[in-house]
Amino acid sequence: MENFASLLHGFEVALTAHHIALMMAGVLLGILVGVLPGLGAPNGVSLMLPLTFTMDPVSAIILLTSLYWGALFGGSTTSVLFNIPGEPSSVATTFDGHPMAKQGRAAEALSFAFLSAGFGAMAGVILITLLSGWVARFALKFSSPEYFAVYFMTFASFVGLGGASPFKTIVSMAMGFAFATIGMDSVSGNVRLTYEFDVLLAGVSFLIAVIGLFGLGELLQTMEEGLRFDGVKAKVRPRDVLLTALKLPRYWFALLRSSIIGIWMGITPGGPTAASFMSYAMAKRSSRNPEKFGKGEPEGVISPETADHAAGSAAMLPMLALGIPGSATAAVMMGGLMIWGLNPGPMLFVERPDFVWGLIASMYLGNVVAVIVVLATVPLFASILRIPFSIIGPAIVVVCFIGAYTVASKEFDIWLALAFGLVGYFFKKLDYPIAPLVLAMVIGDKAEDAFRQSMIFSQGSLSIFWSNPLVGSLMAIALALLLFPLLGSARRGIRKLTTARAAKA
Amino acid sequence: MKKFTIAASFVAASFAMAMPAQAWQPTKPIEFVVASGPGGGTDNFARIIQSIITKHKLVEQPIVVLNKGGGSGAEAFIYGKGGKGDAHKVVFGTNNAYLLPYVAKLGYKFSDLTPVAALALDEFLIWVNGNSPYNDAKAYIDAVKAKPGSFKMAGSQSKDTDQTLTAMIQDATGAKWIYVPFQGGGAAATQLAGGHVDSNTNNPNENIGQWKAGQVKPLCVFSPVRLAKGEPVHNGKGWGDIPTCKEAGLPLESFQMPRTVWLPAEVPADAVGFYADVMEKVSKTPEWAEFVARTAQTARFMKGKELTDFVAKDEAANAKVFKDEGWVVN
């Protein structure tokens with residue numbers, strides 16, 4: 001109840017005309033940077049940071065977090081329309097979102113994406129309101145073995161997901177791991193796989209990989225198939241948005257499950273990308289008709305979007321309460337906190353309640369504002385699909401290359417994006433899945449660090465992964481996720497054998 | 001009248017000619033190249049300077065901050081090397097500018113950079129968990145010595161300042177830790193607060209949040225004198241109440257990390273003077289004093305010979321550890 005009173009006080013702080021105007025501005029800017037691939041929330045927030053130097057901390061954080069929400073929403077727009085994720089965390093949204101757009105259901109897919117994203121974000125914020133103290137204490141229990149177990153769980157839920165052959169999935173994942181190791185290795189303090197090329201020193205950014213593999217790869221394929229986007233004839237009626245909203249309650253179970261996965265991955269340091277992949281995997285596994293996934297199943301849009309946003313907002317809590325940034329954007333914002341004269345950490349809640357609760361209240365308001373704004377843009381964005389490919393195609397190429405350059409202001413990244421584009425094209429031709437590669441690039445190096453730190457802790461003994469109930473149960477769940485598909489196919493195999501024997505007898 | 005115009009234009013022309021000789025001035029937007037990712041210590045250092053310069057209008061041209069934290073900051077210095085002769089690229093770092101080339105094969109040498117100024121010294125402390133039975137550095141080190149190889153020291157990545165300091169303490173006292181490298185001081189702080197490791201050597205700013213909450217406690221600071229008094233942080237104790245490690249009986253007096261500013265090689269001497277001047281003005285603003293106090297660093301402005309002497313001494317001390325530990329690559 002104490003939290004509730006503080007929250008009301010927070011609303012008092014956040015609900016001023018000035019702050020609402022900042023929210024609108026932030027959300028609109030955010031959508032813009034989110035829609036452009038490569039130019040993601042971290043870039044947007046660091047570009048805006050100097051503007052906030054003269055603001056008071058509450059206004060500053062409201063502007064930056066609103067930009068963050070806007071970018072998260074914008075990131076799914078291009079996933080659905082062009083199969084080009086604006087943010088790595090919306091990669092999983094492409095799996096079913098883009099097929100839906102191809103079938104002429106772009107407006108429906110976008111509305112589902114935005115509405116469920118709003119739902120997820122709300123779930124995340126409510127959790128922060130109710131359980132902030134408890135979550136902060138819980139997160140302190142996490143050390144390297146627990147981190148590794150969480151990452152392992154994400155990978156395990158993804159292998160054997162079906163679609164491509166498990167062998168191809170593993171090849172793709174292994175390539176992702178290899179790319180993730182390039183650059184400085186913090187555990188050994190040595191430079192790896194750079195072959196003394198200075199440009200590789202900072203590693204290969206997964207943003208570049210996403211731009212190339214999805215954006216350029218998709219365009220290459222479209223060009224080969226005849227210079228047009230399928231689903232161009234999509235009818236866009238504003239009332240589609242309303243009709244979709246009415247359909248949403250049908251998916252209450254998916255919303256709930258994905259929110260829980262998202263919140264869990266947000267407060268443990270899995271992050272939004274891992275959350276969305278895992279949520280998609282769980283949705284497909286628990287579905288009664290998994291064969292529909294990947295062909296335009298609404299649940300395949302709702303699940304990753306809900307989890308992505310639940311994780312995104314829940315990740316604000318470790319940042320405020322522990323001072324560990326849960327994502328690249330949170331890291332930039334933490335830099336902001338320092339400049340505004342605040343020290344993130346357990347005492348921030350006690351010392352600056354007006355700031356913390358103002359921020360939390362602004363998360364409620366900011367997300368509502370964001371959902372309304374993005375839903376209003378659905379007809380606009382969906383009608384982009386009607387523009388002929390010969391116009392929109394080159395525009396996307398330009399945007400992709402600009403995006404690739406903006407990630408780190410490096411010319412080399414443009415060539416790298418092009419190379420990834422070719423990789424993406426051949427992957428599609430040879431039917432290799434791209435998603436495992438992206439997943440391994442996003443969390444592969446973190447998983448590796450966590451594993452090696454664990455090995456330093458235990459001086460080389462694997463038993464550390466069973467050393468306490470927390471890490472033990474995480475590992476057990478991960479192994480179960482990994483082995484269930486194998487068990488399933490084994491059972492089918494045995495049944496086939498026994499029926500064959502029965503037939504013989 | 002005509003005569004006057006000619007005279008006036010002559011005077012104006014002579015001014016125009018005299019100007020560049022008097023002082024170098026930036027003629028296009030200035031890049032602040034930061035040798036760390038967003039949110040890192042060097043990032044805060046550069047951005048606070050950017051905000052002070054903007055607020056007090058110390059520079060006419062706009063300033064853009066670029067984060068080039070790849071390869072533990074080497075990316076920024078390599079970028080500085082590429083900007084040879086361009087005085088519109090200002091690189092922000094720590095002692096990593098001259099220490100990184102020792103421990104990793106990188107595409108730059110220290111001579112590719114021109115020293116401009118240092119504005120502060122960041123301090124290092126020994127921290128233990130808030131519930132730890134040790135209340136002074138001596139008792140803790142003795143406990144580590146009694147059970148070698150069972151205590152864990154957390155820090156940022158390998159072969160960086162934290163591990164160098166750990167090696168120095170081990171060398172000076174005979175204690176032996178298991179060193180666990182994390183992604184940065186923030187992670188090392190939460191790992192200590194959660195009781196997963198026994199100690200860390202974080203900078204004040206990296207542990208202040210946890211200290212305020214009583215989750216960690218400082219044992220001693222590796223500084224020749226105690227830190228500035230400041231406000232109490234936890235239980236009535238403030239930075240000034242922490243004993244120096246020498247007072248605490250450790251045979252290792254000082255380990256500090258300078259916050260440094262560089263230019264590429266072969267820039268005009270006037271440009272170096274220009275930025276050193278700007279930085280000196282920054283170091284005298286109340287905002288800078290407030291930043292230094294809040295992050296419990298030691299304000300110390302250095303330029304010219306004072307700076308190069310400091311760098312030479314610091315380089316020698318660190319290089320000795322690198323050699324003893326076998327980290328030197330070249």
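**Close-ups of a predicted two-chain model**

**View 1. Asn235(B) sits in the loop between β9 (216-221) and β10 (256-264) of chain B.** Everything shown here and below comes from a predicted model. Asn235(B) isn't a glycine, yet its phi is positive, near 55°. For context, most residues other than glycine have a negative phi. Is Asn235(B) buried or exposed? Asn235(B) counts as exposed because it has 10 C-beta neighbours inside 10 Å, and the cut-off for exposed is 12 or fewer.

**View 2. Glu196(A) is a non-glycine residue with a positive phi, about 60°.** You'll find Glu196(A) in the loop that runs between β2 (190-192) and α9 (206-225) of chain A. With 10 other C-beta atoms within 10 Å, Glu196(A) is exposed.

**View 3. Helices α6 and α13 of chain A pack against each other.** Here α6 covers residues 106-140 and α13 covers residues 298-314. What are the angle and the distance between their axes? The angle is about 35°, and the axes are 7 Å apart. As for handedness, α6(A) and α13(A) make a right-handed crossing. The contact of α6(A) with α13(A) is made up of 16 nonpolar, 7 polar and 2 charged residues.

**View 4. Chain A meets chain B in a contact that takes 40 residues from chain A and 46 residues from chain B.** Several elements of chain B each put in at least two residues: α2 (41-56), α3 (74-82), β7 (178-181), α7 (185-193) and α8 (204-212). Which of them gives the largest share? That's α2(B), with 7 residues.

**View 5. Gly107(B) touches a residue of each chain, Asp198(A) and Ile78(B), leaving aside residues up to four places away in sequence.** Gly107(B) belongs to the loop between α4 (96-103) and β4 (113-123) of chain B. Tyr79(B) is 28 residues away from Gly107(B) along the chain, and the C-alpha atoms of the two are separated by 9.9 Å. How many other C-beta atoms lie within 10 Å of Gly107(B)? There are 19, so Gly107(B) comes out as partly exposed; a buried residue would need 20 or more.

Methods: Residues are numbered from 1 along each chain as its sequence is written. Chains are lettered from A and ligands numbered from 1 in the order in which they are written. This is a predicted model: local features need pLDDT of at least 70, side-chain atom pairs count only at pLDDT 80 or more; totals for chains, interfaces and linings use all residues. Two residues are in contact if their C-beta atoms, placed from the backbone, lie within 7 Å. Helices (H or I, at least four residues) and strands (E, at least two) are DSSP runs, numbered from the N terminus. Axes are lines fitted to C-alpha atoms, for helices over the stretch in contact, and angles run from 0 to 180 degrees between N-to-C directions. A crossing is left-handed if the near helix is turned anticlockwise from the far one by less than a right angle, and right-handed if clockwise. Ala, Val, Leu, Ile, Met, Phe, Trp, Tyr, Cys and Pro count as nonpolar, Asp, Glu, Lys and Arg as charged, and the others, Gly among them, as polar.
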